[in-house]
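Visitor: Could you walk me through this entry and tell me what lies behind the words you use?
Guide: Gladly, let us look together.

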Amino acid sequence: MSRVYDLHIHSCLSPCADDDMTPENIAGMAHINKLDTIALTDHNSGENLEVTAAACAKYDIRFVPGVEVNTAEEIHVLCYFSALSSALSFCDMIYDSLPDIPNRPEIFGNQLIIGKDDAPAGSLNKMLYNASAYPLEDVVALSELHGGCAVPAHINRQFASLMANIGYIPDGLFSAVEIRPELPAPDLPEGMKVLYSSDAHQLQDIAAAAQAAPSPHPIGDIIRWLA
Amino acid sequence: MTVGELMQRNGWHAASGEPKSEITGTIVCDLLSWVMARGTKGTAWITVQTHLNVVAVASLHDFACVIVPDGIEVGHDVLDTADEKGVCILLAPCSPYSAAAALHDAGIGDA
């Protein structure tokens, strides 16, 4: 049985992702791997959300608009939304709060904005890998204000994660966490839900994760499931 | 003082790059965004982070070197990229505090 969802995927907008992580390619790869739900979670921006939603609709894949926020503490937090419009206004706020430091594509990679049918539509100027001005608790509160929910990403990774950067799971702040299955499992509070996703930066990561699926379970409406 | 001279003084080891640059100042920080906003050319950066993005940030500002303290090991993928980008990574067996003190003793101040 293969995994049915992948809620952590980067497009070519994220500087660290491959340039061929276009919306059409991501949707096509998700279709081939029989995923029924995917989220796009670029770093600190939602510029490619709308066109990825359209690409997923062609394959009847349920699309969750999301973003991977780098908090002021440099903790990566996945934020998911019910409505594309709410996701976009949340993402604008996050992007606006980034320091005005331009990306250097030759060092960090391209930040490609993609239009309809994978047509190039320019690139984003500010360095997306930077930290937003909002600390962790503000990111959670703001995502909830936008009808979304927040899930700390790859918490058992030793870099830019909840456990690496602050060392504990704050009481009552999260109802779910994302875990990297290949790394040692952390201790979790009772009842904490767990998401396993690919954190794909290359197309083949989507396939590899779908085939290695540690915990396949249908999640229905993601926002309701996480609430 | 050059990176090579600093290494010699303290018995530190260069894991990547050429220890030739002149050190102009020191930053001790583990938040990449913080360093990105404040780094300047010639900085010696002391950090426990060993992720690939450390190389990108050091390269962005043309740092003199990155000093990884506490005997922390750095992965081969990171060292290979650092070599490619000409980023000198020093491995120091001492604590970050002692590494900063060694820079101070060598007459190097804030970045």
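Predicted model: local features only at pLDDT ≥ 70, side-chain atom pairs only at ≥ 80, totals over all residues.

Visitor: How do you know whether chain A agrees with a compact globule?
Guide: The radius of gyration is taken over C-alpha atoms, and the globule rule is 2.2 Å times the number of residues to the power 0.38. For 227 residues that rule gives a value near 17 Å, and chain A has 16 Å, so the two agree.

Visitor: What makes strand β7 of chain A largely enclosed?
Guide: A strand is a DSSP run of E with at least two residues, numbered from the N terminus. A residue is buried if 20 or more other C-beta atoms, placed from the backbone, lie within 10 Å of its own. Five of the five residues of β7(A), residues 148-152, are buried, so the rest of the structure largely encloses this strand. Gly148(A), Ala150(A) and Pro152(A) point one way, Cys149(A) and Val151(A) the other.

Visitor: Why are β4(A) and β7(A) called paired?
Guide: Pairing requires that DSSP finds at least two bridges between the strands. Five bridges join β4(A), residues 76-81, to β7(A), so they pair, and they run antiparallel. Leu78(A), for one, has Val151(A) as its bridge partner.

Technical notes:
Residues numbered from 1 in each chain as written. Chains lettered and ligands numbered in written order. Buried ≥ 20, exposed ≤ 12 C-beta atoms within 10 Å, placed from the backbone. Helix = DSSP H or I, 4+ residues; strand = E, 2+ residues; numbered from the N terminus.
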